[in-house]
Amino acid sequence: MSKVNKLLHHWLLKSVSEKAFAWLEEKQAQIASGAAERVFFTAFSAVPRYLGKQDLQLTFQDLEAAEDVIPGWYPGHWSVDQAGRTLLLLALPENDAEGYVGVSSGEAAPTLDKLFSTADMGELVVLYQSLPLLPHPELHRHRAAEGIRSNMSNVFQAIALRNPYPADYLDNAAWNQMVLKAVFVNSPLHLIWGLDRRANPELARMLADYAHERWAAKRSVTPELWRPVGRFADSAIITDLEKVLVNGDIHEQEAAALACAESPLPQAQELLSRYPDLQSSIQKGNLTWSSFSRDACGGLGQRLFVYK
């Protein structure tokens, strides 16, 4: 049994009845032994009926264990039916060309293809948030891209937020589109795993262009937009940051100051020096992107999930 399986089993043992857990184990065994495809689909659909939909009761130690197994895995918002369905996905025989991976074509398996194409919204959420846990995750890049394009907010957030898959497997074009869409639909950027690590010059330009579009329409811009921008700010973007520092509210000013602090350009450092209180807070470590996210994004009461 893999480490992921062991953790999911342990968490479910604490959260569901013995009868429900026994049903799930029976279905896992049947699927793993090569049961007919209909057994998998029937069980996958029935999981909420047998296990319920209550939240997993996870401790801080449980979340640390998840992070140790797969960096970026954060199941703190998972429900028991989501964990149970993930275990059924992991039970699919991964070495069976028909059941998991198409050996000749290198494409994702027919069973998963069918599941993605017929799943309801709740099932799609499970599929997308489980991508980093599945064997051969590199085979599912096209599925991740589909999730990013989804008009269903829950589905988009399942792949974009608290999920290490995009940062680990998407190319820059798909990654940049995901971050830009997150800004567009008002998703909290600090919940995008790997946001700092995957920042790049093209994304910085795209976000700055989006800010200009919003300003032209007399609309506000989320201060978090500037987080991936600072390291790649050119003279034009530094002019934008100056505008935010002059006209913005306190959170906007803090974000612009943090972006300036990350820029290697003397122009940015000179701009920041005009705001000694902000500069001092950054230098003392009192103002960081993590503290900013806690204060400016509503005190979400959950672990802020952004990594360098």
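A salt bridge, as used in these legends, is a side-chain nitrogen of Lys or Arg within 4 Å of a carboxyl oxygen of Asp or Glu. By that rule, 10 salt bridges turn up here. Before you zoom in, note that this is a predicted model: local features need pLDDT of at least 70, side-chain atom pairs count only at pLDDT 80 or more, and totals for chains, interfaces and linings use all residues. Residues are numbered from 1 along each chain as its sequence is written, and side-chain values use heavy atoms, with hydrogens and water left out.

Figure 1. Helices (H or I, at least four residues) and strands (E, at least two) are DSSP runs, numbered from the N terminus. Along the principal axes, the C-alpha atoms fill a box of roughly 70 × 40 × 30 Å. Of the 308 residues in the chain, 53% are buried. Buried means under 20% relative accessible area, exposed means over 50%, and partly exposed is in between, using a 1.4 Å probe and protein chains only.

**Figure 2. Asp113, Arg143 and Glu146 are linked in a network of salt bridges.** Start with Asp113 and Arg143, whose side chains meet at 2.7 Å, N to O. This pair links distant parts of the chain, with Asp113 in helix H6 (residues 110-118) and Arg143 in helix H8 (residues 141-149), 30 residues apart. Now look at the other partner of Arg143: Glu146, with the closest N and O atoms 2.9 Å apart. Here both residues sit in helix H8, 3 residues apart, or about one turn of the helix. Which of these residues are buried, and which are partly exposed? Arg143 has a relative accessible area of 10%, so it counts as buried. Asp113, at 29%, is partly exposed, and so is Glu146, at 31%.

**Figure 3. Asp196 and Arg227 form a salt bridge of 2.9 Å, N to O.** This pair also links distant parts of the chain: Asp196 is in the loop between helix H11 (172-184) and helix H12 (201-216), while Arg227 is in the loop between H12 and helix H13 (235-247), 31 residues apart. Are the two residues buried or exposed? Both Asp196 and Arg227 are buried.

**Figure 4. Searching the whole structure gives 10 aromatic pairs.** The one shown here is Phe116 with Tyr128, an edge-to-face pair at 5.3 Å centre to centre, with 65 degrees between the planes. It links distant parts of the chain: Phe116 is in helix H6 and Tyr128 in helix H7 (residues 121-129), 12 residues apart. For a pair to count, rings of Phe, Tyr and Trp (its six-membered ring) need centres within 6.5 Å; planes under 30 degrees apart are stacked, over 60 edge-to-face, and the rest tilted. Phe116 is buried, with a relative accessible area of 9%, and Tyr128 is buried too, at 4%. Elsewhere, ring pairs join Trp11, Trp73 and Trp78 into a cluster.

**Figure 5. Arg85 lies over the face of Phe44.** How far is Arg85 from the ring centre? The distance is 5.1 Å. The rule for a charge over a ring is NZ of Lys or CZ of Arg within 6 Å of the ring centre and within 35 degrees of the ring normal.

**Figure 6. The largest pocket has a volume of about 330 Å³.** It is lined by 19 residues, and Gln82, Gly122, Val125, Gln129 and Asn154 are the ones nearest its centre. Helix H3 (37-51), helix H5 (80-91), H7 and helix H9 (153-160) each give two or more residues to the lining. Which element gives the most? That's H7, with 6 residues. Sorted by class, the pocket lining has 6 nonpolar, 7 polar and 6 charged residues. Ala, Val, Leu, Ile, Met, Phe, Trp, Tyr, Cys and Pro count as nonpolar, Asp, Glu, Lys and Arg as charged, and the others, Gly among them, as polar. On a 1 Å grid over the protein atoms alone, a pocket is an open set of points with protein on both sides within 12 Å along at least five of seven lines, whereas a cavity is a set where a 1.4 Å probe fits but cannot get out; lining residues have an atom within 4 Å of a point. Points are joined across faces, edges and corners, and a volume is the space filled by probe spheres set on them.

**Figure 7. The count comes to 1 cavity of 30 Å³ or more.** About 40 Å³ of space lies in the largest cavity. Its lining includes Trp73, Tyr74, His77, Trp78 and Gln129. By class, that lining has 7 nonpolar, 3 polar and 1 charged residues.
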